[in-house]
Amino acid sequence: MVSVAVLGAAGGIGQSLSLLLKLNQAISRLSLYDIVGIPGVATDISHINTNSAVEYHIGQAQLDAALRGIDIVVIPAGVPRKPGMTRDDLFNINASIIRELIEAVADHCPSALLAIISNPVNSTVPIAAEVLKARGVYDPRRLFGVTTLDVVRAARFVRDIRPNIDTSVYIPVVGGHSGNTIVPLLSLAEPQLDLAQEEIEDLVHRIQYGGDEVVKAKNGAGSATLSMAYAAARFIESLIQSFESDSIIVEPALVDLAADTQGAKQIKTLGADGLAFFAVPVVLGKVGIKRIAPLRGEPSLLERKGIEIAAAALKVNIDKGITYVIKKS
Ligand SMILES: NC(=O)C1=CN([C@@H]2O[C@H](COP(=O)(O)OP(=O)(O)OC[C@H]3O[C@@H](n4cnc5c(N)ncnc54)[C@H](O)[C@@H]3O)[C@@H](O)[C@H]2O)C=CC1
Ligand SMILES: O=C([O-])CC(=O)C(=O)O
């Protein structure tokens, strides 16, 4: 039985994600934390007749109680985009939120698995790593930036143009989680796709800017929450399964490549050399990342070019996150 904490549980993603996690019978303790609004959300969810006991904690003074004894911490705390903003525009507010929350994780549940949803993921994950390093409790195998939504979108968008493709189609997406740092590898889809060049270009663009589609449609009321909650619940379910079974469970995530230096070699030779973090499919195990899953085949020329472009932009985002923590300490 597993204990999960959601930090930012009263928000758009947090509420839907908490509901989906309440339906997961493998979870025995669901700890919901926010700085506002959490008593109502948690009390409501707690009436659902599934295994987990729901508890709530409000405000920084209760963060220790929210985290003590927790196996998996998932963080959707922070502000979302409005039309016209990039994810990087969220940096100033969300960087300090992530820093504060990860400091508490380091103090109260340092061996928990950590799944970070808050944007800009390309920077918040390096921030988390630096904070954990500064407190002497960093294990790169336990830290994940949640990029599942990119893979979920890729699989759905391809079906929008090829309705007969099975829902289990898998399209690897590597790089980061913003605009051109998102690199879908359509040429490595399983099963293989038969797409015209124009369809490939349109699909790549749609997957890269899927988040903007939602931001525009919500017209000032935020960004993706329901599809993100679905994606995060799937990711947490995979983490839980990896605790409990020996079968091979693969999920994409933005990870520290130091988690598997051997496995990172293939990724680096594709144009990601010099990068500490990259979104890749990873094999999950009992302590988090077991290894980086090798890509099954060579990406196309266009995709290799995409990886190079992504790497340059991602490096700027990573360095910004690292510098933020170093400057503050
Ligand atoms: N990784 C991904 O694929 C995606 C990431 N996101 C990101 O997720 C984040 C959350 O989005 P929404 O749920 O739509 O936002 P929201 O504004 O609806 O909810 C955010 C929640 O965080 C809480 N919060 C703020 N400061 C906090 C703190 N110090 N400690 C704990 N909780 C705190 C707020 O009270 C609020 O309940 C945003 O940064 C958004 O950009 C959104 C969609 C996809
Ligand atoms: O677009 C945003 O700001 C939220 C997000 O990360 C996504 O939907 O992929």
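How many residues surround ligand 1, and which are the closest? In this predicted model, the count comes to 33 residues, with Gly-8, Gly-11, Gly-12, Ala-77 and Asn-119 as the closest. Sorted by class, the shell around ligand 1 holds 18 nonpolar residues, 12 polar ones and three charged ones.

Where do these residues come from? Two helices, α1 (12–22) and α4 (91–108), each put at least two residues into the shell around ligand 1. Of the elements involved, α4 gives the most, with four residues. The shell also draws on both parts of the chain: domain 1 (2–146) and domain 2 (148–328) each provide at least three of its residues.

That brings up the domains themselves. The chain splits into domain 1, covering 2–146, and domain 2, covering 148–328, and their C-alpha centres sit 21 Å apart. Where the two meet, 44 residues of domain 1 and 44 residues of domain 2 take part in the contact. On the domain 1 side, at least two residues come from each of the strands β1 (2–7), β4 (72–75), β5 (113–116) and β6 (143–145), and from each of the helices α1, α4 and α5 (121–134). Here α5 gives the most, with 11 residues. By class, this side of domain 1 has 28 nonpolar residues, along with eight polar and eight charged ones.

Putting the two pictures together, α1 and α4 turn up in both: each supplies at least two residues to the shell around ligand 1, and each also supplies at least two to the side of domain 1 that touches domain 2.

Conventions:
Residues are numbered from 1 along each chain as its sequence is written. Chains are lettered from A and ligands numbered from 1 in the order in which they are written. This is a predicted model: local features need pLDDT of at least 70, side-chain atom pairs count only at pLDDT 80 or more; totals for chains, interfaces and linings use all residues. A residue is near a molecule or strand if its C-beta atom, placed from the backbone, lies within 6 Å of it. Ala, Val, Leu, Ile, Met, Phe, Trp, Tyr, Cys and Pro count as nonpolar, Asp, Glu, Lys and Arg as charged, and the others, Gly among them, as polar. Domain bounds come from an automatic or database domain assignment. Two residues are in contact if their C-beta atoms, placed from the backbone, lie within 7 Å.
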